Amino acid sequence: MEMFIQQLINGLFLGSIYALLALGYTMVYGIIKLINFAHGEVYMLGAFMGYFFINNFKLGFFPALILSMACAAVIGVVIEFLAYRPLRKSTRIAALITAIGVSFLLQNVMIQMVKSDPRAFPQAIKLQTYKFGFIEVSNIQLIILFVSLFLMILLQVIVKKSKMGKAMRAVSVDADAAQLMGINVNRTISFTFALGSALAAAAGMLIGLYYNSIDPMMGVVPGLKSFVAAVVGGIGIIPGAAIGGFVIGLLETAAVALGFSDYKDAVVYALLIVILLIRPAGILGKNIKEKV
């Protein structure tokens, strides 16, 4: 039982990473109804940029984190401008295939640049362990949780309180009507990609610090799981994505605690199937009838 509770605690920290990634998926889908499968690769690029800033410029973890998020935001805007914007009026399948293509492109470019071998992420923060009864928690785990929660709260404030956040909500409801009201739709969509990419970069650096290992393929599985988290929580709903991320993290570590570590990925996808059968719109989603 002690091990099971410890694994659940670990699941909170892992779930916060999935939640950050899932937020990027759900924001982009909420705005332009696109599943951005290149999002996992932006997460990978964030980890490598953090590696570069810490190793080459001898920066601390948090300055490197801020720089990585800023660079990833620019990358997200460039991807949207070059790959997705020209296809905005095309069929959804065309945009989806393009997203998969961008994902493979970024993977292979990074493999050519840095090779496919895993690299040890620099331990910019000295590991310390704290004991609370039989529960062990490291300072790195606490940093992951607090940084993730801070970024989630900041995102919610931006979306609910800022002028650009109001524009995002308007475009998600009806882009044409928003444009008639004077909202710059292109700028709003680019801002959404920038936000999601910055969160993905933060998640990449946090996971690199946690596991002390990064590689060009590290975004594939977490990217898919975060997409599952977004769907489980309710795709297009920001609080739902955060909840879905924590659910996936807890479920995965619970599977490990119960001795099913070889099947932890299968358990996650099985949950997706169950949720889609019972509640297709997700935990916080609402079934909306479309007029044909």
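Modeller: Here's a walk through the salt bridges, starting with the linked group and then moving on to other parts for context. Keep in mind that this is a predicted model.

A search of the whole structure turns up six salt bridges. The part to zoom in on is a network of salt bridges that links Lys225, Glu252, Lys264 and Asp265. Let's begin with Lys225, which forms a salt bridge with Glu252, and there the closest N and O atoms are 2.9 Å apart.

How exposed are the two partners? Lys225 has a relative accessible area of 2%, so it counts as buried, the cut-off being under 20%. Asp265 has a relative accessible area of 30%, so it is classed as partly exposed. As a general point, side chains of opposite charge can pair when their charged atoms come close.

For a pair elsewhere, look at Glu80 and Arg85, which form a salt bridge with their closest N and O atoms 3.0 Å apart. Glu80 is buried, with a relative accessible area of 1%, whereas Arg85 is partly exposed at 24%.

While you're around there, Val74, Val78, Phe81 and Leu82 make a nonpolar surface patch of about 400 Å². Val74 is found in helix H3, and its relative accessible area of 52% makes it exposed.

Helix H3 (61-84) also supplies at least two residues of the lining of the second largest pocket, and so do other helices, including helix H1 (2-32) and helix H8 (185-211). About 570 Å³ of space lies in that pocket. Its lining has 24 residues, and Ile31, Ile32, Arg88, Lys89 and Ala175 lie nearest the centre. By type, the lining divides into eleven nonpolar, six polar and seven charged residues.

Conventions:
Residues are numbered from 1 along each chain as its sequence is written. This is a predicted model: local features need pLDDT of at least 70, side-chain atom pairs count only at pLDDT 80 or more; totals for chains, interfaces and linings use all residues. Side-chain values use heavy atoms; hydrogens and water are left out. On a 1 Å grid over the protein atoms alone, a cavity is a set of points where a 1.4 Å probe fits but cannot get out, and a pocket is an open set with protein on both sides within 12 Å along at least five of seven lines; lining residues have an atom within 4 Å of a point. Grid points are joined across faces, edges and corners, and a volume is the space filled by probe spheres set on the points. Helices (H or I, at least four residues) and strands (E, at least two) are DSSP runs, numbered from the N terminus. Ala, Val, Leu, Ile, Met, Phe, Trp, Tyr, Cys and Pro count as nonpolar, Asp, Glu, Lys and Arg as charged, and the others, Gly among them, as polar. Patches are made of residues with over 30% relative accessible area and no salt bridge: like charges are joined within 9 Å, nonpolar side chains (Val, Leu, Ile, Met, Phe, Trp, Tyr) within 5 Å. Accessible areas come from the Shrake-Rupley method with a 1.4 Å probe; for residues, only the protein chains shown count as cover. A salt bridge is a side-chain nitrogen of Lys or Arg within 4 Å of a carboxyl oxygen of Asp or Glu. Buried means under 20% relative accessible area, exposed over 50%, partly exposed in between (1.4 Å probe, protein chains only).
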